[in-house]
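Take a look at the sequence and the structure below. The report that follows goes through them topic by topic.

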Amino acid sequence: MSGESFQKELFDQINYSESRMTGESYDNCKFTGCDFSNSDLRRIEFIDCLFVNCNFSLTNIADTAFKSVGFEQCKIMGIDFGKCDDFLFAASFTGCNLDYSIFHGKNLKKIKFDHCSLKDVDFSNADLTLAIFDSCDLLAASFFKTILEKADFRTAYNYSFDPENNKVKKAKFSVTGLPGLLSKYNLDVEY
């Protein structure tokens, strides 16, 4: 690693695919249309950065720090966020495809997923207190021993989990989402 730091820079249409990024920290930088698929981002620090229309499929983010980072219209499939640095982890996702990603055991308090695809995502043992799932598809997402207190699922859809195996105190749901909370009982619910 070069140890180089970047501040307030724009990285546009760069192909990092199947390579190792140079640099140790990126502060207040913007990445647009960059391809990070199958790349190595281990031990890199991103602070107040924005990623727009980037591809992170199968990217290695072990010990990577995401501090107040925004992802917009990104493809982030098969990423294990459970392995990235926990210190000051803060991210938001808008219009992203996060299918098959892992947030196992992650502190995600107050995180916002806005119009995201979260199919087959693993949220087990994560803390999603006050999380917002605004118009998100949660088909086959895993919630087990997950803290969902005060989480907002009112506009989310296709979720199914057992409230008895998760902490759901004061979580918000719409009437249309109730079948996903009762699926273990194999009931036929009509609207």
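## Cysteines

Cys 136 is buried, because its relative accessible area is 0%. This comes from a predicted model. Cys 34 also counts as buried, at 1% relative accessibility.

How many disulfides does the structure hold? It holds zero. A disulfide is a covalent bond between the sulfur atoms of two cysteines. The cut-off used here is sulfur atoms within 2.5 Å. For Cys 34, the closest cysteine sulfur is in Cys 54, 4.7 Å away, so the two are too far apart for a bond. Cys 136 is in no disulfide either. Its nearest cysteine sulfur belongs to Cys 116, at 4.8 Å.

Strand 11 pairs with strand 10 in the parallel sense, over three bridges. Phe 113 has Phe 133, in strand 11, as its bridge partner.

## Lys 106

Where is Lys 106? Lys 106 lies in the loop between strand 9 (91-94) and strand 10 (112-114). Is Lys 106 buried or exposed? Lys 106 counts as buried, because its relative accessibility is 1%, and the cut-off for buried is under 20%.

Leaving aside residues up to four places away in sequence, Lys 106 touches Phe 81, Gly 82, Cys 84, Asp 85, Asp 86, Phe 89, Asn 125, Ala 126 and Asp 127.

Key:
Residues numbered from 1 in each chain as written. Predicted model: local features only at pLDDT ≥ 70, side-chain atom pairs only at ≥ 80, totals over all residues. Heavy atoms only, no water. Helix = DSSP H or I, 4+ residues; strand = E, 2+ residues; numbered from the N terminus. Buried < 20%, exposed > 50% of the residue type's maximum accessible area, 1.4 Å probe, protein only. Contact = heavy atoms within 4.5 Å. Pairing = 2+ DSSP bridges.
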